[in-house]
Amino acid sequence: MSLYLILIIVFVLFVTFAAILKRYRRCPSDKILVIYGKTGRKSSAKCIHGGAAFIWPVFQSYSYLDLTPISIECNLTNALSKQNIRVDVPCRFTVGISTESDSMTNAAERLLGLNTEDIRSIATDILFGQLRLVIATMDIEEINADRDKFLANVSTNVEAELRKIGLKLINVNVTDIRDESGYIEALGKEAAAKAINDAKKSVAEQNRYGETGKANADKDTRVNVAAADADAVKGENNAKIAIAQSDAARREKEAEAARIAVAAEKVQAAKALEEAYKSEREAELARAEREEATQKANIVVAAQIEKEKMIIEAEAAAERLRREAKGEADAIFAKMDAQARGAYEILSKQAEGFNRLVEAAGGDAKDAITMLISDKLPELVRTQVEAVKGIKIDKVTVWDSGNGKEGKTATSNFISGMMGAVPPLQDLFKMAGMELPSYLKGKTDAPAKVEEVEPEKAEK
């Protein structure tokens with residue numbers, strides 16, 4: 001339901017807007033818009049020339065007045081002049097509706113709704129009456145001779161009457177004026193005769209002036225010709241003298257000019273030779289400089305280039321050697337640094353291990369060394385065994401002299417001596433400043449002898 005209501009409202013608004021647009025009227029430039037009805041003014045109509053206005057429906061209506069000029073032909077006949085002479089005055093008037101505010105109101109009140117013919121008829125009556133009135137106040141001489149005054153009087157009287165009905169006089173054209181008595185024609189003939197007589201008199205006077213002038217001119221001509229001839233002869237003589245003097249001066253000037261020209265030619269020739277020699281000298285000097293520059297370019301520049309090349313190569317070789325030496329030094333330094341770092345790490349780890357071993361031995365360094373040697377005991381025993389392990393007893397040949405003592409043969413003595421050369425385990429412990437544990441000593445028959453061994457013998 002709401003949609004239908006909206007559509008109805010839109011339709012009503014559209015119709016209202018269209019009606020408003022339809023009632024809004026624009027006035028063309030060749031017309032006057034006349035709004036009549038309830039205008040809200042004292043006048044009965046509102047006139048607009050140009051622009052536009054809104055026409056209220058029901059209360060107002062509108063119409064147009066055409067501003068097109070209207071041509072009216074007024075062939076006035078038997079009009080009585082101030083001299084009581086009847087004349088015929090054919091005229092053509094051009095009128096139109098005025099655009100002045102008061103005149104537009106008058107036109108709206110008196111001409112609205114009339115066609116062009118009706119307006120022409122009304123204006124024709126007014127024009128005939130005012131034209132008769134103007135002719136009655138003027139003489140025929142004024143009407144015929146002073147057309148400007150006649151047209152001014154016509155315009156003044158006619159405009160005042162036309163303004164009352166809203167019209168305006170645009171133009172007045174009087175073609176020809178005639179009268180029944182022939183007064184105007186007689187005036188014309190009189191004027192023509194007077195003009196002819198004046199012309200004849202003027203011709204005679206001009207002929208007299210011409211003959212007199214001709215005689216005087218002939219006299220003056222002969223006198224002037226004679227004087228001119230004398231002046232001509234005198235002028236010719238003076239001209240010949242001037243020509244002779246001019247020829248002499250010319251020949252003198254020509255000789256002087258020839259002398260100056262010959263001298264100038266010789267001077268110029270000498271200067272030309274001097275300039276040529278100077279140019280040749282400069283050319284030779286330039287050529288020598290060019291040759292010198294060429295030699296320098298071929299020898300000195302090449303040597304300089306070779307020198308710079310050798311310097312650059314030497315600097316490059318030196319730079320290469322410096323870089324190689326620096327590289328080797330860096331490599332040696334890196335190698336020694338790595339070895340030192342490795343040794344440092346080994347010793348650091350060994351010292352750390354020794355510290356932990358001493359801590360494990362209760363802080364007694366001697367017990368820690370004993371523990372360390374005990375740890376190495378299998379390697380010591382293996383070393384003793386390795387000393388005699390490779391000896392093949394069955395391959396040993398001993399030459400016995402038969403001087404054996406205490407029942408010992410040479411072979412047994414060889415074996416005893418070889419085993420005696422291997423340091424006993426207890427002696428190794430003693431050399432290290434330690435005592436072999438009792439469980440490793442075993443049984444011995446002569447412990448005292450072992451203890452009485454001197455240090456020197458033990459070292460042997």
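Is Arg259 buried, partly exposed or exposed, and what is its relative accessible area? Arg259 turns out to be partly exposed, with a relative accessible area of 49%; here buried stands for under 20% relative accessible area, exposed for over 50%, and partly exposed for what lies in between (1.4 Å probe, protein chains only). The structure is a predicted model, in which local features need pLDDT of at least 70 and side-chain atom pairs count only at pLDDT 80 or more, while totals for chains, interfaces and linings use all residues. Residues are numbered from 1 along each chain as its sequence is written, and side-chain values use heavy atoms, with hydrogens and water left out.

Helices are DSSP runs (H or I, at least four residues), numbered from the N terminus. An α-helix has 3.6 residues a turn, so residues three or four places apart point the same way.

The whole structure holds 14 salt bridges. Among them is the pair of Arg110 and Glu109, whose closest N and O atoms are 3.7 Å apart. Arg110 is partly exposed at 45%, and Glu109 is partly exposed at 43%. Another salt bridge links Lys164 with Glu161, with 3.4 Å between the closest N and O atoms; Glu161 is partly exposed, with a relative accessible area of 26%.

The next topic is the interior. In soluble globular proteins, nonpolar side chains tend to be buried together. The largest nonpolar core here has 42 residues, and Phe93, Ile135, Phe150 and Leu162 have the most contacts inside it. Such a core is a set of buried Ala, Val, Leu, Ile, Met, Phe, Trp, Tyr and Cys residues joined through side-chain atoms within 4.5 Å. Helix H3 (residues 116–136) gives the most to this core, contributing 7 residues. Apart from it lies another core, of 6 residues, including Cys27, Leu33, Ala53 and Ile55.

Helix H3 has 21 residues and reaches 30 Å from its first C-alpha to its last, close to the 30 Å expected at 1.5 Å a residue; the expected span is 1.5 Å times one less than the number of residues. Among the buried residues of H3 are Ile119, Leu127, Leu131, Val134 and Ile135. Three of these names return around Phe150: leaving aside neighbours within four places in sequence, Phe150 is in contact (heavy atoms within 4.5 Å) with Val89, Leu131, Val134, Ile135, Met138, Ile143 and Val174.

Finally, Met371 lies in helix H7 (residues 365–389) and is partly exposed, at 39% relative accessible area. With neighbours within four places in sequence set aside, Met371 is in contact with Leu357 and Ala361. Met371 and Ala361 are 10 residues apart in sequence and 8.1 Å apart in space, C-alpha to C-alpha.

How values were computed. Helices (H or I, at least four residues) and strands (E, at least two) are DSSP runs, numbered from the N terminus. A salt bridge is a side-chain nitrogen of Lys or Arg within 4 Å of a carboxyl oxygen of Asp or Glu.
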